Amino acid sequence: MAIIRIDNGFGRWDELLALILSSFSYMDEIIDPPSSAHRLTLASLAQKATSEIAFAALEENCLVGCVFLKPETDCLYVGKLAVAPGQQGKGVGRRLLKVAQDIAHELNLPALRLETRIELVGNHTTFGRWGFQKTAEKSHPGFDRITFIEMRKQLDHIPA
């Protein structure tokens, strides 16, 4: 498996959008509000890759995963971590999170942060196995109930 940086020369935006939508599709009947993945377009995805740090996982030149990273004051935000349905459970997500950890180290950020919907208990468990801990419960605008949780993974930094 190869992990590549998604940049202006990427050119496979339609495949990337299809990958994200297919990997998030299982949530459609479970979560409310709907996933922000449904608001992505080819243009907004390309813009997202420009304003954030994005990577794709390739297996025999087929897109099998992606992750978008955004530096914050005290952590690296991990967003749109997507793994193709047929590739889940094969280490793609772990490889992409390893890249996220490497970027956090390069940027001297002490933690990774992500958000996952309250209804997606399986995701909570998986991220917990990967070293993330729940740090907050939050609501989307207009909702009077908890709609997502925030999880963080503290990273071990080796002093320079």
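Colleague: Where in the chain is Asn108 placed?

Modeller: Asn108 sits in the loop between H3 and S5, where H3 is the helix at 92–106 and S5 the strand at 111–117. Helices (H or I, at least four residues) and strands (E, at least two) are DSSP runs, numbered from the N terminus. This is a predicted model, in which local features need pLDDT of at least 70 and side-chain atom pairs count only at pLDDT 80 or more, while totals for chains, interfaces and linings use all residues. Residues are numbered from 1 along each chain as its sequence is written, and side-chain values use heavy atoms, with hydrogens and water left out.

Colleague: Why is Asn108 called exposed?

Modeller: Exposed means over 50% relative accessible area, buried under 20%, and partly exposed in between (1.4 Å probe, protein chains only). Asn108 has 58%, so the word exposed applies.

Colleague: What is the phi of Asn108?

Modeller: Its phi is positive, about 60 degrees, although Asn108 is not a glycine. Most residues other than glycine have a negative phi, and most peptide bonds are trans. Asn61, in the loop between S2 and S3, also has a positive phi, of about 65 degrees. With a relative accessible area of 55%, Asn61 is exposed.

Colleague: Which residues does a cis peptide bond join?

Modeller: Asp32 and Pro33, with omega about 5 degrees. Pro33 belongs to the loop between H1 and H2.

Colleague: How do you know whether Ser35 is buried or exposed?

Modeller: Ser35 has a relative accessible area of 6%, so it counts as buried. Ser35 is in the loop between H1 (13–24) and H2 (42–51). Leaving aside neighbours within four places in sequence, Ser35 is in contact (heavy atoms within 4.5 Å) with Phe24 and Arg117.

Colleague: What lies 3.0 Å from a polar atom of the side chain of Ser35?

Modeller: The backbone nitrogen of Ala37 does.

Colleague: Which residues are buried in H2?

Modeller: Leu45, Lys48 and Ala49 are buried there. Seen down the axis of H2, these residues fall within an arc of 95 degrees, so they line one face of the helix. The arc is that of the directions from the helix axis to the C-beta atoms. Ala43 and Ser51, on the other side of H2, are exposed. The elements covering the buried residues of H2 include S1 (2–6), H1, S2 (53–59), S3 (62–71) and S4.

Methods. A polar contact is a pair of N or O atoms within 3.5 Å; within protein, one must be able to donate a hydrogen and the other to accept it, and residues adjacent in sequence count only if both atoms are side-chain atoms.
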